[in-house]
Amino acid sequence: RVVDIIRKDERRRIVVVSAPSGITDTLLGMANENYSKPDVTEETCMAQIKIVRGKFDNTLAHYKIESGFLDSLYAQLEKELVSRENRSREEYQDAIAVFGERINAKLIAEIMKIAYRLKSRFVNAEDMGMYTDSKFGNATLNYLSPTLISQYFEKVPENEICVVTGYYGVDNLHRPVTFGRGGSNYVAAVIASAVKAEVLENFSD
């Protein structure tokens, strides 16, 4: 459906995606479970990642696309799952929760390339300069971010579609910080304003 919407109007060049239904809750559940344990084993993390993989593999199987391009993100998720030391619960939750958006955005960009032969790129918060403060779970945008975002998208070729992570930004230490409820809509609005878009459209399933 996402690709069909984009192909109906060639002016749609920036697509902000959220996590598929249920993914964020699954990831937050894992984060809360792990944070409450005295120790998190590699076996626990691998079992948790298998659950996340399963939620995306069906989509890839439909398009007959191998999942290897997501391996680096799953490796990052595993690293975050075991890294609780010197982190508050809120910081740990944000570090885990954003993988719903990261994996989904990269997956959609890959489907566009392989299945539909569209020029696309995966863009995360770090790439485009979506900087925030460090209020985990309730981020405030840095005043410099709109300028950085505008500069980033000015360099993107006109025939290329950007698939962007919603929901979060990063602080000055490059730690993920979520905007809270409605975060993906907020990210879309920030980008639309920064690039002076003609229109901001909101689609949900």
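Which residues have the most contacts inside the largest nonpolar core? They are Met-128, Met-130 and Phe-153. That core has 56 residues. Its largest share comes from helix α6, residues 99–116, which gives 8 residues. One thing before I go on: this is a predicted model.

Let's take Phe-153. Leaving aside neighbours within four places in sequence, Phe-153 is in contact with Ile-14, Met-128, Cys-162, Val-164, Ile-191 and Val-195. Keep Cys-162 and Val-164 in mind. Both belong to strand β3.

So, on to that strand. β3 covers residues 161–165. Is it covered or open? Mostly covered: 5 of its 5 residues are buried. Now look at the directions. Ile-161, Val-163 and Thr-165 point one way. Cys-162 and Val-164 point the other way.

What pairs with β3? Strand β1, residues 14–17, is joined to β3 by 4 bridges, and the two run parallel.

Last stop: Ser-184, in helix α9, residues 183–194. Is Ser-184 buried or exposed? Its relative accessible area is 13%. The cut-off for buried is under 20%, so Ser-184 counts as buried. What does Ser-184 touch? Not counting residues up to four places away in sequence, the list is Val-16, Val-17, Ser-18, Glu-101, Gly-166 and Tyr-167.

Terms used. Residues numbered from 1 in each chain as written. Predicted model: local features only at pLDDT ≥ 70, side-chain atom pairs only at ≥ 80, totals over all residues. Heavy atoms only, no water. Buried < 20%, exposed > 50% of the residue type's maximum accessible area, 1.4 Å probe, protein only. Pairing = 2+ DSSP bridges. Contact = heavy atoms within 4.5 Å. Core = buried A, V, L, I, M, F, W, Y, C linked by side-chain atoms within 4.5 Å.
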